[in-house]
Structures are given as C-alpha cells and as structure tokens.
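Have the structure open while you read.

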Amino acid sequence: MTTLIESDEHKSLRAAVSTFARNHPRTLGTDNGHFWREAAKLGYIGVNLPEAYGGGDGGITELSLVLEEMGAAGNPLLMMIVSPAICGTVISRFGTEAQKQDWLPSLADGTRLMSFGITEPDAGSNSHRITTTARRDGTDWILTGRKVFISGVDISDATLVVGRTEDARTGRLKPCLFIVPRDTRGFERRQIDMELNSAEKQFELTLDDVRLPADALVGDEDAGLLQLFAGLNPERVMTAAFAIGMGRYALSRALDYARERTVWKTPIGAHQAIAHPLAQAHIDLELARLMMQKAAHLYDAGDDMGAGEAANMAKYAAGEACVKAVDQAVHTLGGNGLTREFGLASLITASRVARIAPVSREMILNYVSHQTLGLPKSY
Ligand SMILES: Cc1cc2nc3c(=O)[nH]c(=O)nc-3n(C[C@H](O)[C@H](O)[C@H](O)COP(=O)(O)OP(=O)(O)OC[C@H]3O[C@@H](n4cnc5c(N)ncnc54)[C@H](O)[C@@H]3O)c2cc1C
C-alpha cells in the first residue's frame with residue numbers, strides 16, 4: 001500500500017546512498033565516470049530496471065530517491081535522469097526481447113549509457129513541430145534531422161532519438177523512437193558552450209541520412225505519445241529529484257555557515273532576515289518532495305495519466321524551490337557566496353536548468369491551466 005510515510009527499506013536506501021555519495025567527493029565539472037560505475041555496482045543506477053535484466057526491480061520511487069540523495073550530498077548524476085529513467089524505462093516497457101537483452105543489463109550495471117534526444121532548434125517547447133524524419137528503405141530506416149541541447153551524447157553508447165515517420169510529417173506528433181549508436185555514419189555532434197559547471201555536456205546533433213536497421217525502432221511506430229510519455233513522466237520526476245537534491249545541498253551549506261558566521265553578538269543565523277528565508281526554502285523543498293513522491297508512486301502503480309499531472313506539478317514545484325534555495329544560500333554567505341572556494345555561485349546557473357528543462361515552468365503552467373483547470377488555450 002502506498003503511504004506518505006517512507007518505509008524502513010526506503011529510509012535505509014536513503015541513508016546508504018547518502019553515505020556513499022558523501023564518501024565520493026568530486027570537483028564539479030570533472031568526469032564522474034568512476035562515481036557512476038561505483039554507484040552502478042551497488043545497484044543504484046539500475047534500481048528501477050527489471051531484475052530479470054540485472055536491475056533492482058524497484059521503480060521511479062527508488063531511482064528518484066537515489067538521485068535526490070546524491071544531489072543532497074553535492075554529487076548528482078545528471079545522466080540518471082536520462083539513461084535508466086527515460087531510456088531504461090522505455091526499453092523495458094516497449095522494447096523487443098532482443099533490445100531488452102542487449103541494453104538493460106548494461107544500462108543497469110553502468111557499463112553503457114544512453115542519452116535521449118527530443119529537443120529541436122525550430123521546435124523547442126512545441127514538440128509537435130519536430131521534423132526529424134524517419135523513412136523506410138527496404139527494411140532499414142533512414143533518419144534525417146537536427147537536435148539541440150542533448151546531454152551526455154559523448155559519454156553515451158547510443159542516443160534514443162525521437163523522430164516522426166515520413167507519412168506523419170505534419171499535424172499532431174506521432175513520435176517514434178530510434179536507438180542511434182554513437183558512431184553511426186551521418187550522426188554528428190557538436191558540443192554547445194554552456195555556462196554550466198557540470199560534468200555532463202550538451203550537444204547539437206545532426207542526423208544526415210543516418211541508416212539504421214529495422215530493429216533500431218523501439219516499440220510500435222503507431223503507438224504514439226503513450227510510449228513517449230512512458231519515458232517523459234519519469235524524466236520529470238527525476239528532474240524534480242535533481243532539483244530537490246541541489247536545493248538541499250545549497251541549503252545545508254548555508255545553514256552550516258549561518259550557524260558559525262558571527263559579525264555582531266550572535267551568529268547571523270539568529271537574525272530572522274537570514275533564518276526565515278532558509279526556513280521557507282526548507283518548507284518549499286519538503287513540499288516539492290511530497291509531490292514528487294506522489295508522482296513517483298502513481299507512475300510505479302501504473303497510473304500514467306495521474307502520474308502525468310503529478311509529475312508536471314512536482315517538476316514545477318521542485319524547480320522553483322531549488323532556484324529559491326540556491327539564491328538564498330548564496331545570499332546567506334555574503335561575499336563568500338560568490339567565491340569558487342565555497343562553490344555555491346555555480347549553482348545559480350545550474351539551478352535554472354530545472355526551471356527550463358525538460359519542460360519549462362510556463363509549459364507546466366499551461367498544462368495545468370488547460371488540462372486541470374479547463375481554461376482555453378492561447379496558442
Ligand atoms: C542543461 C540542459 C540539458 C538539456 N538536456 C536535454 C536532453 O538531454 N535531451 C533533450 O531532448 N533536451 C534537453 N534539453 C532541452 C530542454 O528540454 C529545452 O531547453 C526545453 O524544453 C525548452 O525548449 P527551448 O530551449 O527551445 O525553449 P523555447 O521553447 O524556445 O522557450 C523559450 C521561452 O519561451 C517560453 N514559452 C514557449 N512557449 C510558450 C507558451 N506557449 N506559453 C508561455 N511561454 C512559452 C518558455 O517557457 C521559455 O521560457 C536540455 C536543456 C538544458 C538547458
């Protein structure tokens with residue numbers, strides 16, 4: 001039965017991940033391949049994947065818990081949002097037996113990664129406008145198109161690319177998903193120069209008549225949005241976990257500082273102008289986590305529709321809570337908030353990611369306005 005109180009099993013998973021992540025400090029922006037593999041050995045990366053394929057047989061509930069704790073320790077693994085959560089989920093729910101055998105064990109044990117590409121330069125938030133097109137040539141598929149802001153393509157063995165079939169070029173998106181191995185001919189990447197101090201880089205991709213075998217297609221070419229959202233809802237829950245972890249990390253650094261730093265008679269944390277915004281940040285993060293847990297529980301219980309609304313709300317709440325927590329943490333440290341030594345300033349840009357990706361704050365407000373509140377659309 002679903003309960004709002006965390007089970008003993010989840011509490012001990014939380015504690016174990018926290019200890020593990022704190023024992024593996026790393027400098028932001030440096031390669032985290034070693035940390036990824038160590039985490040995978042302990043079963044953390046594949047905790048949501050089926051046991052029959054080397055996973056932990058848990059769900060997005062457990063995977064989001066792992067990512068949140070890594071983030072709270074200052075050690076988040078961005079690719080967890082993509083490799084096990086989106087790609088692993090889509091393959092385990094819709095892949096063929098051969099695709100499952102091929103990919104799931106290595107995604108679970110961390111020896112291979114898969115990135116995910118939907119965003120396009122001319123479509124942006126309007127995914128219905130994507131033009132990456134797949135046409136048949138005999139039994140092969142030929143893919144043509146462009147993608148932008150795709151994370152971790154250089155460290156991934158393949159990218160799960162969202163395209164549309166040729167006869168569905170216009171109108172509402174009927175997406176189809178293809179596994180494109182990194183070194184496929186015609187599949188080029190260019191790193192985007194981001195103001196982000198992160199180990200995971202973003203890439204612009206071009207697919208120029210990329211020839212793929214029939215079995216590169218994951219799922220049914222007619223299954224449409226259902227299949228896509230099987231991956232996108234976990235992505236939203238995981239982005240919420242990423243944001244909550246980062247917010248908790250920033251808050252904890254600010255609390256340490258506010259307890260010690262004394263410029264009048266008492267530590268600065270005694271001044272309510274410092275204490276109250278930190279208390280508010282804590283409350284906002286807790287509330288966002290509650291919504292994230294609801295979304296994860298609904299998703300794991302098989303309620304894709306219910307999970308959709310909750311995952312959007314959780315991502316929204318977590319993104320906002322993260323941005324506010326980081327902002328207040330930086331402010332709490334005064335000038336030290338902007339030094340490299342204290343490491344909080346770079347979180348100002350990092351925290352904005354959760355407001356923009358994978359779906360922006362405004363697009364979530366649009367969703368809630370239309371889907372939940374029944375208001376008319378402006379676009
Ligand atoms: C660090 C990072 C990593 C990423 N990783 C990936 C990845 O791995 N894979 C992937 O596919 N994508 C990835 N993305 C892309 C991300 O999902 C997009 O940036 C996001 O969906 C927004 O699209 P856009 O940047 O084109 O903004 P746009 O769609 O151009 O939006 C610009 C602004 O206009 C607003 N806006 C747009 N339409 C409306 C409307 N109807 N009503 C109100 N406001 C509106 C938006 O909210 C936003 O503020 C990543 C992005 C970042 C920053």
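Helices (H or I, at least four residues) and strands (E, at least two) are DSSP runs, numbered from the N terminus. Keep in mind that this is a predicted model: local features need pLDDT of at least 70, side-chain atom pairs count only at pLDDT 80 or more, and totals for chains, interfaces and linings use all residues. Residue numbers start from 1 along each chain as its sequence is written.

**Domains**

The chain splits into domain 1 (8–108), domain 2 (114–218) and domain 3 (225–372), with bounds that come from an automatic or database domain assignment. Taken over C-alpha atoms, the centres of domain 1 and domain 3 are separated by 20 Å. Their contact takes 23 residues from domain 1 and 23 residues from domain 3, where contact means C-beta atoms, placed from the backbone, within 7 Å. On the domain 1 side, α3 (60–72) and α4 (83–94) each supply at least two residues, and the largest share, 10 residues, comes from α3. That side of domain 1 divides into 14 nonpolar, six polar and three charged residues. For the bookkeeping, Ala, Val, Leu, Ile, Met, Phe, Trp, Tyr, Cys and Pro count as nonpolar, Asp, Glu, Lys and Arg as charged, and the others, Gly among them, as polar.

**Around the ligand**

Which residues come nearest to the ligand? Of the 23 residues around it, they are Gly124, Ser125, Ser151, Ser360 and Glu362; a residue belongs here if its C-beta atom, placed from the backbone, lies within 6 Å. The shell draws at least three residues from each of domain 2 and domain 3. Elements that each supply at least two shell residues are β1 (114–117), β3 (140–151), α9 and α10 (361–372). By type, the shell has 13 nonpolar residues, nine polar and one charged.

Helix α8 (residues 304–332) has 29 residues and reaches 41 Å from its first C-alpha to its last, close to the 42 Å expected; the expected span is 1.5 Å times one less than the number of residues. After α8 comes Gly334, with a positive phi near 55°.

In helix α9 (residues 346–356), the buried residues are Leu347, Ala350, Ser351, Val353 and Ala354. Seen down the axis of α9, they fall within an arc of 135°, so they line one face of the helix; the arc is that of the directions from the helix axis to the C-beta atoms. These buried residues pack against α6 (225–260) and α8. Buried means 20 or more other C-beta atoms within 10 Å of a residue's own, exposed means 12 or fewer, and partly exposed is in between, with C-beta atoms placed from the backbone.

Most residues other than glycine have a negative phi, and most peptide bonds are trans.

The peptide bond from Ala357 to Pro358 is cis, with omega near -10°, and Pro358 lies in the loop between α9 and α10.

Finally, is Asp183 buried or exposed? Asp183 is exposed, with 8 other C-beta atoms within 10 Å, and lies in the loop between β5 (175–181) and β6 (187–191). Asp183 and Asp157 are 26 residues apart in sequence and 8.4 Å apart in space, C-alpha to C-alpha.

Conventions: Two residues are in contact if their C-beta atoms, placed from the backbone, lie within 7 Å.
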